[in-house]
Amino acid sequence: MILDLEARGVLDRLATRTSCREFDGTPLSRDTIRAVMRDAIEAPSSCNHQSWHFIVVTDRDKLARAQRISGGNLHFGTCGALIYLCFLNGWSHRHFSIVQSVAAAGYHMILSAHLRGISSIYNAGIGPSDEVRELLDLPAGYTVQGAIALGYTAPGTRLTKPPRRPLDDVLSFERFERPEAADWPQAPSDAYPYGDAESQLTPYAEWDPTRWTWDQIGDLRGYAVWAKSPIAGVYVSARQGTVMEGVLDLMPDLPAGAEVIDVMGWGGTEAARLLTRLPKGARLTLADLHDGNLTFMRQRLAAEPACTGRTLQSLRMRGPDLPRPDASADLVTLPLALEHAPDPAALLASIARVLRPGGHLLLAYRNAASPYGPYWEREEKPHQVSNQGPFRPLDPDAVTAMAGQHFDIVAEAGFGREATHDTEKLEGRELRRGRIHALLLQKP
Ligand SMILES: Cc1cc2nc3c(=O)[nH]c(=O)nc-3n(C[C@H](O)[C@H](O)[C@H](O)COP(=O)(O)O)c2cc1C
């Protein structure tokens, strides 16, 4: 099928759209918003009911409140307009048709904005419904399903589009067919009715990484955006930051030309800190299960001041294997990653192989023998698997026994007395009861 040049040009421009999370704060005029919305309501709707309703928020105080309610969506505070997508309950026919209809209008809105040079982002993370309802004076009969932030990109921001799967991962003709790696496992169940998977609560999430293949874990890591942001301004919680600094305090002294490998790093969050601790001539290699995640981490780290003048290497893991010569690394870091591994013992063996004798492994993991263990079981596990992938907190006795097959323990640390939030550094016998347990291990 041949498209005329004008149509091809429009489609090419639409394909350059990417979500923006860094706005410059310029308000959008009502005329501009009305023009975008006039396009949006050209979208199809189930039975043509058009029982959608759009509430535009531009008031700065209200936007600040919207941002607080949302929790992590900091861009609500700086966008030019936030448009809540609402619909009238009770006319949804089958298969959530009203939700499908509002989403169609939402995307049409995004495309119209894009063609007008206005950036955007679709957001499901709007915060608790009752608080949003109060913010908007929304009647009980309406539901708000999300919000689209529009505005102008802040100067100096480089927007990066996260990778798309190959078309044949998501497309089949006449019948269902999908590559195994792209077909994430679900918890065993006789049936999987979507209606039971309410909001984030889902009985079908398979949290046990040993029931995933390495390729499936890699697939998730390759496409799911980390801490939501694909690049600049990646959201890092203070807790995450403080604990990571504490873990890195265990690092041994390294020779000037040290070879360091960061294995299955947390979207670069921890590697960004690691870089500030490395001697000048040290070489950092990022190892991961998917090229998409390696590209993302490299782009992200390139924007870190600590990366200036350094060349980062990438290493594409093949399952637990690190395709590197034996005894070629001085330090391996494994930050909150062992609990994500389909086969933790195989990963530790592979790390032991690439470390030189006397080399170190710095390992941190979520501790099942802390108050976090039961909290994870009760509060986190009933929800969908997060963007970081499936994991299970590990038991310190099991980890030390597994690590003891290859390494000596040089130092350890524990962080977080409570199930969540606090970052207290624990001492003595309490150290293995902290939410995060860290070990500095040495290969004999
Ligand atoms: C229904 C929906 C909900 C989303 N919710 C959020 C959100 O709450 N916060 C956020 O930062 N991004 C959110 N996104 C943006 C996605 O992360 C983004 O579209 C995806 O990573 C692909 O990137 P791209 O839009 O730049 O192509 C959402 C996108 C969609 C379609």
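Which residues line the second largest pocket? The lining consists of R30, I33, R34, M37, R38, I41, F54, V56, V57 and T58. This is a predicted model, in which local features need pLDDT of at least 70 and side-chain atom pairs count only at pLDDT 80 or more, while totals for chains, interfaces and linings use all residues. Residues are numbered from 1 along each chain as its sequence is written, and side-chain values use heavy atoms, with hydrogens and water left out.

A pocket is an open set of points, on a 1 Å grid over the protein atoms alone, where a 1.4 Å probe fits, with protein on both sides within 12 Å along at least five of seven lines; lining residues have an atom within 4 Å of a point. The second largest pocket holds about 320 Å³ of space. Helix α2 (30-40) gives the largest share of its lining, 5 residues.

The ligand is surrounded by 16 residues, each with a heavy atom within 4 Å of it. The closest are T18, S19, R21, A124 and R164. Polar contacts (pairs of N or O atoms within 3.5 Å) are listed below.

| Residue and its atom | Ligand atom | Distance |
|---|---|---|
| S19, polar side-chain atom | oxygen | 2.5 Å |
| N73, side-chain N or O atom | nitrogen | 3.0 Å |
| Y122, polar backbone atom | nitrogen | 3.0 Å |

The protein covers 72% of the 620 Å² of accessible area that the ligand has on its own (Shrake-Rupley method, 1.4 Å probe).

Notes. A polar contact is a pair of N or O atoms within 3.5 Å; within protein, one must be able to donate a hydrogen and the other to accept it, and residues adjacent in sequence count only if both atoms are side-chain atoms. Grid points are joined across faces, edges and corners, and a volume is the space filled by probe spheres set on the points. Helices (H or I, at least four residues) and strands (E, at least two) are DSSP runs, numbered from the N terminus.
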